Amino acid sequence: MVWPIPIHDPNEHEPICDDAWNDAAAREFVRRTIEESDAAFNPHAWWPLHPEDAYGQERGSHRGMYNGAAGTVWGLHHLAQSTGVSLEHDYVSAIAACEQAYRADPWETGECVPSYFMGTTGIMAARYAVTGDARILPALDEEIRKNVGNKTREVFWGSSGCALAALVIREATGTARFDEALREIQAEYWTSWPSGGEYPWLWLQDMYGKEQRYVGAGHGAFGNLAPFIRARDLLAADMREELHERIVALLETYALHDGDATNWISLVLPPTGNRMQWCHGAPGIIMALASYPSDDPRIEDLLRRGGEAIWQAGPLKKGPTFCHGTAGNGYALLRLFQRTGDRTWLERAQRFAVHAMRQVRAWRLQFGMPSFSLWSGEIGVALFVDGVLRRDPRVLALDTL
């Protein structure tokens, strides 16, 4: 298909800064983020709610993994382990209280939902990551299976998102506890995966009162691939072969090309959107396929072209964050370094990291406060900078505990 839109919107991007990467400065940024986030913790109210995370709901801190206390605790715990920086507060008690508070009054979501990013599954996965308490796992398995059949069919609210909790724990521990849940999710998404029609290979998302077909990693088809790609051992051999061709078809059908660069359309019905961020566009698609082993030149060429599109577009004006900011786009460049071994991608990831750190400083001046959340705040930026330092492109909660 040929889509009647440009590869990206230049108004959403800005020129990358000229500051050079410096290991010591990057380590200091990570250390300072950990210590300031730890110091700002309130055991009764968690962290102040940033204006960018309020969404008109200003009762207090959110509790979920995406932009709430569970994600911040998880991120702080991970960074402290990675860097050796000591934390002053009791986050084991804090994460337990976070789950209890959400279950008692889930005001952010209207009702208690098993969503990974916004509800109980993400909070419970964070609890397990922080405590290592295996007694959490049977209840988490039940919570994941509650969401099978959710018609959103995307990662934020649907069962493909809950599969991520099962996958990161499965990969970290080798447990087979979640295999039946993963098989149920695979069956749900395989049987509902359209192979024909006007927009093939795109699931129908019933979300926020609308039916849509999204393409990318945050709300769309590429985000739904994780249960297949990362639990391929649970698929029959013929399904594994068919999966490969479906992935190629997805990549080729919804691509936007411009010279040596490729992005992907954001959504159809009608065809629109050329975002270039984790939730929609090339960055998320590169990361969604990061663990898919392939010697297929069709896939490798398109992922490389996606990286060129990210680099040519430049950092996002929206800010430094992971979900829809510079850190998320930089993670994709770091993934390409791991995938190809080409240091050009590492150098580009370093440049994006430097720019994201500068954007954090600008955000603090603009809003008069830090942003403490994992996916939409400074914790996610610190994780990205730490990943660049360690040459590790794995994303907390997506790829690792």
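## Crossing of α3 and α4

In this predicted model, helix α3 passes helix α4 in a left-handed crossing. α3 covers residues 91-104 and α4 covers residues 120-131. Their axes come within 9 Å and cross at roughly 165°. Angles over 145 degrees count as roughly antiparallel, and therefore α3 is roughly antiparallel to α4.

On the α3 side, the contact is made by Tyr91, Val92, Ile95, Ala96, Cys98, Glu99, Tyr102 and Arg103. On the α4 side, Thr120, Ile123, Met124, Ala126, Arg127, Val130 and Thr131 take part. By class, the contact of α3 with α4 has ten nonpolar, two polar and three charged residues.

## Helix α4 and its surroundings

α4 has twelve residues. From its first C-alpha to its last, α4 reaches 16 Å, close to the 16 Å expected at 1.5 Å a residue. Just after α4, Gly132 takes a positive phi of about 70°.

The helix is mostly covered, with ten of the twelve residues of α4 buried. Those buried in α4 are Thr120, Thr121, Gly122, Ile123, Met124, Ala125, Ala126, Tyr128, Ala129 and Val130. Among these, Thr120, Ile123, Met124, Ala126 and Val130 are buried and also belong to the contact with α3. The cover over the buried residues of α4 includes α3 and α6, together with α2 (69-83) and α5 (136-146).

## His77 in α2

His77 lies in helix α2, one of the helices that cover the buried residues of α4. The relative accessibility of His77 is 17%. Buried means under 20% relative accessible area, so His77 counts as buried.

Leaving aside neighbours within four places in sequence, His77 is in contact with Leu87, Ala129 and Val130. Ala129 and Val130 are buried residues of α4, and Val130 is also part of the contact between α4 and α3.

## Crossing of α6 and α7

Helix α6 (residues 159-173) and helix α7 (residues 179-191) have axes that come within 10 Å and cross at roughly 145°. The crossing of α6 and α7 is left-handed.

From α6, the residues in this contact are Ser159, Ser160, Ala163, Ala166, Leu167 and Arg170. They meet Asp179, Leu182, Ile185, Glu188 and Tyr189 in α7. By class, the contact of α6 with α7 has six nonpolar, two polar and three charged residues. Besides meeting α7, α6 is among the helices that cover the buried residues of α4.

Key:
Residues are numbered from 1 along each chain as its sequence is written. This is a predicted model: local features need pLDDT of at least 70, side-chain atom pairs count only at pLDDT 80 or more; totals for chains, interfaces and linings use all residues. Side-chain values use heavy atoms; hydrogens and water are left out. Axes are lines fitted to C-alpha atoms, for helices over the stretch in contact, and angles run from 0 to 180 degrees between N-to-C directions. Helices (H or I, at least four residues) and strands (E, at least two) are DSSP runs, numbered from the N terminus. A crossing is left-handed if the near helix is turned anticlockwise from the far one by less than a right angle, and right-handed if clockwise. Contact means heavy atoms within 4.5 Å. Ala, Val, Leu, Ile, Met, Phe, Trp, Tyr, Cys and Pro count as nonpolar, Asp, Glu, Lys and Arg as charged, and the others, Gly among them, as polar. Angles under 35 degrees count as roughly parallel, over 145 as roughly antiparallel, 65 to 115 as roughly perpendicular and the rest as oblique. The expected span of a helix is 1.5 Å times one less than its number of residues. Buried means under 20% relative accessible area, exposed over 50%, partly exposed in between (1.4 Å probe, protein chains only).
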